[in-house]
Amino acid sequence: MGNYFIGLDIGTSTTKSVIFNKQGKAVSEFEVAYSTYHPKPGYSEQNPIEIDKAARLAISTSIRQKYINSSEVIGLSISSAMHSLICINDQGEPISPVIIWADGRSYPQAAIMKDSYGRDLYEQTGTPIHPMSPFVKLVWMKENQYTPYYEATRFVSIKEYILYKWSGTWQVDYSIASASGLLNIHTLQWDHEALAIAGINEAQLSPVVPCTEEVGPLLGNVAKELLLYSDTPIIIGSSDGVLANIGIGAIDEGETALTIGTSGAIRRFTNERTTDPEQRTFKYVFNKENFIAGGATNNGTVLMHWLARQFSTITKKETIEVADLEALAATSSAGANGLFFLPYLNGERAPKWNAKAKGGWMGLTLSHTSADMIRSVMESVIFNMFEIHEALHEKAGPTKKLIVSGEYSNSPLWVQMTADIFRKTVTLTESHQATAWGAAWLGLYSLGEVDSIEEIKHHIPIKHEVLPSVRNVARYEEYYHLYRELYNKNKPLFAEMDRLQY
């Protein structure tokens, strides 16, 4: 009888393999990074072969470094970032890079569609009309005579490609399919209208299967490289958003997950299929009965890493750590002495869905300090997440429990800001491997090792809770309303700024 289960998390910048015991304790992990390429302004591409190699190395190393025997591995389940797109030829080989969610080349197509027929497509698919969407990327390919588009026999996500290389079969789970903008959330079939507009047909897409589907067996050479048996169960899994919610136990009605890493998202499970009339949030399929609703931001801890680089340059120090910036920000007061920052350095997804949105400080005076500048950046990230939360609240009802995870949750200051701005008690879990643990638990459930997905709540130790500060709550409420107005007033200028920059 095996003792361990592997959660593989294929992320935007790294792939991580985490080996858990049945109680949820991570006994081994290994992470492999890869590059994102920007051959032209607005382009964000990756090499699918690099990511496949990274996944293989992550799994084999996580097994090898703890001397785990293949017979001890119950199975493997996979989480993947959403919205990736690869053109595949009839030999099953990639003829394009992975075009990832951050790619903005299809902005003109998204802008035209969003206020016209795109609204109907959003209601059918639950995927906002935005350059992140593979559907919109396909429309760009068609309209720009992108050679791989015309030579492709298949269009897939990075997870589909890796599973094909490992098992020789094409399959896609409900969640990754749903995030493509090509799946109808009401019929759970590929949407014929979206396919027609994209200029593709159903035969060019993978069969859609439940997230509990077992794929495989592993090809012999792949199993040997992974240090697994060929018949080791491989569960197709789901998207990183869904599995992050499961991994921290944000499963029941009113339980909201807030995750901030390089980017960020706020999500909640629901059994409602209806979408947001204002197109502020997404609605993706998890299974035939349940959906994940929420919104994602392009601008999370990436802003702090950007700031650290700028401060390192200004001070001519080799490195300034993000923790140093946070310590400095703590010397400023809530509201950063009236200084605001628009956090849209990467454009923005929810709730604006504006790839041309720009960032910057507003209200800067000679009296402001570097501490104010840093704090205003941190506050802006939470203001934006709270704005998404408001839209989610309108559609799905109030948040009864707010659970946070991701890189940002290691910062006491940032977590306190969250409690103050959301006016909620914030719950933190012990584990920093929420997505991988969610994938592993889903795999255990799929194989009958545990009785339900909900049972994971008994295997997630709570670190502590953070209460809102009464003094800061009122101050942030006033600041938040002004923050929203700053975007609205400056929105007409963003496209002109973008034209000058590129």
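**Figure 1. The surroundings of N299.** Leaving out residues up to four places away in sequence, N299 touches T262, P343, Y344, L345, N346, G347, E348 and V381. This is a predicted model, and the view starts with a residue in a loop: N299 is found between strand 18 (291-297) and helix 11 (302-315). Is N299 buried or exposed? With 2% relative accessibility, N299 counts as buried, because buried means under 20% relative accessible area. One of the residues it touches is P343, and the backbone oxygen of P343 lies 3.2 Å from a polar atom of the N299 side chain.

**Figure 2. T256 and its contacts.** Look for T256 in strand 15 (residues 255-260). Its relative accessible area is 0%, so T256 is buried. Which residues is T256 in contact with, leaving aside its neighbours within four places in sequence? They are A250, I266, R267, R268, H389, L392, T399, K401, L402 and I403. Now find V404 as well: T256 and V404 are 148 residues apart along the chain, while their C-alpha atoms are separated by 8.5 Å.

**Figure 3. Helix 10 crossing helix 15.** Two packed helices are described by the angle between their axes and the distance between the axes. Here the two partners are helix 10 (residues 240-248) and helix 15 (residues 434-446), whose axes come within 7 Å and cross at roughly 85°. Helix 10 and helix 15 are therefore roughly perpendicular to each other. On the helix 10 side, the residues that meet helix 15 are D240, L243, A244, I246, G247 and I248. Helix 15 brings A434, T435, W437, G438, A439 and L442 to this meeting.

Figure 4. Why is helix 4 (residues 134-143) described as largely enclosed by the rest of the structure? The reason is that eight of its 10 residues are buried. Just after helix 4, Q145 takes a positive phi of about 50°.

**Figure 5. Helix 14 and the residue R423.** Helix 14 (residues 412-422) is mostly covered, with nine of its 11 residues buried. The buried residues are L413, W414, V415, M417, T418, A419, D420, I421 and F422. Follow the chain just past helix 14 and you reach R423, which takes a positive phi of about 60°.

Figure 6. How many aromatic pairs does a search of the whole structure find? The search finds 21. One of these is formed by Y408 and W414, an edge-to-face pair with 5.7 Å from centre to centre and 65° between the planes. Both Y408 and W414 are buried. Another pair, Y487 with F494, is tilted, with 5.8 Å centre to centre and 45° between the planes. Y487 and F494 are both buried too.

**Figure 7. Charged side chains over rings.** K352 lies over the face of Y487, at 4.1 Å from the ring centre. Y487 is also the ring that pairs with F494. In another example, the charged end of R349 sits over the ring of W101, 4.1 Å from its centre.

How values were computed:
Residues are numbered from 1 along each chain as its sequence is written. This is a predicted model: local features need pLDDT of at least 70, side-chain atom pairs count only at pLDDT 80 or more; totals for chains, interfaces and linings use all residues. Side-chain values use heavy atoms; hydrogens and water are left out. Rings of Phe, Tyr and Trp (its six-membered ring) pair if their centres lie within 6.5 Å; planes under 30 degrees apart count as stacked, over 60 as edge-to-face and the rest as tilted. Buried means under 20% relative accessible area, exposed over 50%, partly exposed in between (1.4 Å probe, protein chains only). A charge sits over a ring if NZ of Lys or CZ of Arg is within 6 Å of the ring centre and within 35 degrees of the ring normal. Helices (H or I, at least four residues) and strands (E, at least two) are DSSP runs, numbered from the N terminus. A polar contact is a pair of N or O atoms within 3.5 Å; within protein, one must be able to donate a hydrogen and the other to accept it, and residues adjacent in sequence count only if both atoms are side-chain atoms. Contact means heavy atoms within 4.5 Å. Axes are lines fitted to C-alpha atoms, for helices over the stretch in contact, and angles run from 0 to 180 degrees between N-to-C directions. Angles under 35 degrees count as roughly parallel, over 145 as roughly antiparallel, 65 to 115 as roughly perpendicular and the rest as oblique.
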